[in-house]
Amino acid sequence: MASTLLAPMARAGESLWTTYQTPAAFVAEAFRGSPPPPKVISGPTGPVHYWRANGRTAWVIEDLGKQGYQLTTAGFIVKNGAIESAKVLVYRESRGEQVAEPSFLKKFLGARLAGGKLDRNIDNISGATLSVQMMQRMASTVLALDARAG
């Protein structure tokens, strides 16, 4: 995963990617600086890293908003089968960065799985439809994996 966090340069000094928080910092914050050892579970597109302690699980997951774009990295914390926290860690697309805003991410708080999908409707953002769908996929995947990881 570390190699995916190196941002390519559009022009000298201008990054195409926005790193809001590193995965390591997200995990450390989730467990107040003392994260448990990482675990790995097989997800729909490959291995997914997670950390579990004290009834909470932190997940770092990647997905594509649009074919041909770069992976976006997100972090989720799950407690009792519901999303407790959602963050975009690294956004690597040319549009749709509104999905990293706290006002959007709070829509995921408390979300659970119902029939393989989120139990709530997450409103679309004009100009960020594919990024919103990507975040919904990642949230649903994390909840399904959390249930499976037990």
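1. Just after helix H1, Arg32 takes a positive phi of about 50°. Helices (H or I, at least four residues) and strands (E, at least two) are DSSP runs, numbered from the N terminus. The model is predicted, so local features need pLDDT of at least 70 and side-chain atom pairs count only at pLDDT 80 or more, while totals for chains, interfaces and linings use all residues. Residues are numbered from 1 along each chain as its sequence is written, and side-chain values use heavy atoms, with hydrogens and water left out.

2. H1 itself spans residues 23-30 and lies across S5 (46-53), S6, S7 and S8 (82-91), at about 160° to S6. Axes are lines fitted to C-alpha atoms, for helices over the stretch in contact, and angles run from 0 to 180 degrees between N-to-C directions.

3. Which residues of H1 are buried? They are Pro23, Phe26, Val27 and Ala30, where buried means under 20% relative accessible area, exposed over 50%, and partly exposed in between (1.4 Å probe, protein chains only). These residues cover an arc of only 95° around the axis, which puts them on the same side of H1; the arc is that of the directions from the helix axis to the C-beta atoms. An α-helix has 3.6 residues a turn, so residues three or four places apart point the same way. The cover over the buried residues of H1 includes S5, S6, S7 and S8, judged by contact (heavy atoms within 4.5 Å).

4. The sheet is open, with 6 strands in the order S3-S8-S7-S6-S5-S4 and antiparallel pairing. Two strands pair if DSSP finds at least two bridges between them. S3 (18-19) and S4 (39-43) are the edge strands, each pairing on one side only. Within the sheet, S6 (residues 56-63) and S7 (residues 72-79) are antiparallel over 8 bridges, and Arg56 stands opposite Lys79 in S7.

5. Helix H3 (residues 129-149) also needs a mention. H3 lies across S4, S5, S6, S7 and S8, and runs at about 135° to S6.

6. Gly110 sits in the loop between H2 (102-105) and S9 (113-114). Gly110 is partly exposed, with a relative accessible area of 32%. Leaving aside neighbours within four places in sequence, Gly110 is in contact with Ala82, Ile83, Asp119 and Arg120. The C-alpha atoms of Gly110 and Glu84 are separated by 6.0 Å, although the two residues are 26 residues apart along the chain.
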